[in-house]
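Thanks for sending this one over. Here are my notes, in the order I would read them with the model open beside you.

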Amino acid sequence: MAEMTLGSLFDGIAGFPLAARRQGIKTVWVSEIEPDCIDIAKRHFPEALQLGDITQIDGAKIPVVDIISFGSPCQDLSVAGKQTGA
């Protein structure tokens, strides 16, 4: 059986990729714009492509994955940042 793969949008601190890894799923790419979150993802998933801003991604040019996960934009809920939802 081929290894399943994951792409993570609005990646945050890479929670979905971490859970996927525990199930034997490989994270191929992530999309996130917050520098601290990107640093965390790079530390845990150095082999994953860092795609940056989702509005700049051309879906036809990124590797195909089996699973696409996404976090809910949580700036207004997170204790990090200004909690303004902007």
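1. Strand E1 (residues 5-9) pairs with E4 in the parallel sense, over 4 bridges. Within that pairing, Leu6 has Ile67 as its bridge partner, and Leu9 stands opposite Phe70. Do keep in mind that this is a predicted model.

2. E1 is also joined to E2 by 4 bridges, and these two strands run parallel. Here Leu6 stands opposite Thr27 of E2.

3. Taken as a whole, the sheet is open and has 4 strands in the order E3-E2-E1-E4, with parallel pairing. Its edges are strand E3 (49-50) and strand E4 (67-70), each of which pairs on one side only.

4. Helix H1 (residues 15-22) packs on this sheet and touches E1, strand E2 (26-30) and E4. The direction of H1 makes about 165 degrees with that of E1. Together, E1, H1 and E2 form a right-handed β-α-β unit.

5. How many of the residues of E1 are buried? The count is 5 of 5, so to speak a mostly covered strand. Both faces are covered: Thr5, Gly7 and Leu9 are buried on one side, and Leu6 and Ser8 are buried on the other.

6. Leu9 also belongs to the largest nonpolar core, whose 5 residues are Leu9, Val28, Trp29, Ile62 and Val65. Val28 is worth a look of its own: leaving aside neighbours within four places in sequence, Val28 is in contact with Thr5, Leu6, Ala48, Leu49, Pro63 and Val65.

Definitions and conventions: Residues are numbered from 1 along each chain as its sequence is written. This is a predicted model: local features need pLDDT of at least 70, side-chain atom pairs count only at pLDDT 80 or more; totals for chains, interfaces and linings use all residues. Side-chain values use heavy atoms; hydrogens and water are left out. A nonpolar core is a set of buried Ala, Val, Leu, Ile, Met, Phe, Trp, Tyr and Cys residues joined through side-chain atoms within 4.5 Å. Buried means under 20% relative accessible area, exposed over 50%, partly exposed in between (1.4 Å probe, protein chains only). Contact means heavy atoms within 4.5 Å. Two strands pair if DSSP finds at least two bridges between them. Axes are lines fitted to C-alpha atoms, for helices over the stretch in contact, and angles run from 0 to 180 degrees between N-to-C directions. A crossover is right-handed if, with the strands pointing away from the viewer, the path from the first strand over the helix to the second runs clockwise.
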